[in-house]
Amino acid sequence: MFRIVLCLSSLLILFPQIIKTTTVYKCGTRNQEILNNVTVTIENCTTTSRCSLRRNSTMHIQIKFKPEFDVKDLITEVYGIALNIPIPLLGVDNKSVCNNLFEENGTKKKCPVLKGRTYVYKDEIYIIEAYPKFKVDIHWSLKDPISRNIVTCFEAPAKIID
C-alpha cells in the first residue's frame, strides 16, 4: 500500500501539467465569471493570469464539454479581443471540430455529438509570427454551422509573446 501511495505522489510531483486545467471565463463576462461546466486545458497555462502564447510555436488545447442538444456538425469560432475589436485567429476560426473529437474514455469520435454525452475536443494551434505582441482575450466557441447555436463557449485572458 505504501508503495502505491509513494508512486502516485511521485507522479503528481513530477507531472503536474497532467492534472491542471486552465481557468476560463463565461463568454461575455469580461473575465469576471469563471466557467465551471466545461474543462479546458491550454498547454502551459494553468493560472488565473494571462496565458502566454509564444509566436512561432504550437499551442495545444483540450476542451471537455457536454452538449445540451444534438448537433450534426461542429465548427470553431475563435478570435482575440483587443481594444474591444475581434481579431480572427488564422487557421483556427471557422474550422471543423469533427476530426478532433474523442469520447470521454479516449476513443476517437466523429460528429454528430449527442445531448448529455461528454466529449473531448483536442487541437493544436500555431501562433504565427505576424501576430503582434499584445494582451488579448481569447474567445473560443464550438457551434453548429447551420443554426449557429453555441454548444460551449469560453474566454481566456492571454498575451502574445516572443
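Some ground rules. The model is predicted, so local features need pLDDT of at least 70, side-chain atom pairs count only at pLDDT 80 or more, and totals for chains, interfaces and linings use all residues. Residues are numbered from 1 along each chain as its sequence is written, and side-chain values use heavy atoms, with hydrogens and water left out.

Layout comes next. The protein has one helix and ten strands. Both kinds of element are DSSP runs, numbered from the N terminus: helices are H or I with at least four residues, strands are E with at least two. Read from the N terminus, the order is α-β-β-β-β-β-β-β-β-β-β.

How much of the protein is buried? Of its 162 residues, 39% are buried. Buried means under 20% relative accessible area, exposed means over 50%, and partly exposed is in between, using a 1.4 Å probe and protein chains only.

Now contacts, meaning heavy atoms within 4.5 Å. Take those between residues at least 6 apart in sequence: 61% of them join residues at least 24 apart.

On to the core. A nonpolar core is a set of buried Ala, Val, Leu, Ile, Met, Phe, Trp, Tyr and Cys residues joined through side-chain atoms within 4.5 Å. The largest one here has 36 residues. Ile 61, Ile 63, Phe 65, Leu 74, Trp 140 and Phe 154 have the most contacts inside it. Which elements give it two or more residues? They are S1 (39-42), S2 (51-54), S3 (57-65), S8 (119-127), S9 (135-143) and S10 (150-161). Strand S10 gives the largest share, five residues.

Look at Phe 154. Its relative accessibility is 1%, so Phe 154 counts as buried. Leaving out residues up to four places away in sequence, Phe 154 touches Val 24, Tyr 25, Cys 27, Leu 35, Val 40, Ile 61, Ile 63, Ile 138, His 139 and Trp 140.

That brings us to ring pairs. Rings of Phe, Tyr and Trp (its six-membered ring) pair if their centres lie within 6.5 Å; planes under 30 degrees apart are stacked, over 60 edge-to-face, and the rest tilted. By this rule there are two aromatic pairs. One is Phe 65 with Tyr 119: the centres are 6.0 Å apart and the planes at 35 degrees, so this pair is tilted. Phe 65 sits in S3 and Tyr 119 in S8, so the pair ties together parts 54 residues apart in sequence. Phe 65 is buried at 2%, and Tyr 119 is buried at 0%. The other pair, Trp 140 with Phe 154, is stacked, with 6.3 Å centre to centre and 5 degrees between the planes. It links S9 and S10, across 14 residues. Trp 140 is buried too, at 2% relative accessibility.

Next, charges. Side chains of opposite charge can pair when their charged atoms come close. A salt bridge here is a side-chain nitrogen of Lys or Arg within 4 Å of a carboxyl oxygen of Asp or Glu. How many does the structure hold? Seven.

Start with Asp 137 and Arg 50, at 3.3 Å from N to O. Asp 137 is in S9 and Arg 50 in the loop between S1 and S2, so this bridge ties together parts 87 residues apart in sequence. Asp 137 is buried at 19%; Arg 50 is partly exposed at 29%.

Then Asp 123 and Lys 95, with their closest N and O atoms 2.9 Å apart. Asp 123 lies in S8, and Lys 95 in the loop between S5 (85-88) and S6 (101-103), 28 residues apart. Asp 123 is buried at 10%, while Lys 95 is partly exposed at 26%.

Last, Lys 133 and Asp 162, at 3.2 Å from N to O. Lys 133 is in the loop between S8 and S9, and Asp 162 in the segment after S10. Bridges that share partners join Arg 55, Lys 133 and Asp 162 into one network. Lys 133 is exposed, at 52%.

Finally, the surface. The protein exposes about 9,800 Å², with carbon and sulfur atoms supplying 55% of it. These areas come from the Shrake-Rupley method with a 1.4 Å probe; for residues, only the protein chains shown count as cover. Leu 83, Ile 85 and Ile 87 make a nonpolar patch of about 320 Å². Patches are made of residues with over 30% relative accessible area and no salt bridge; like charges are joined within 9 Å, and nonpolar side chains (Val, Leu, Ile, Met, Phe, Trp, Tyr) within 5 Å. Ile 87 lies in S5 and is partly exposed, at 33%.
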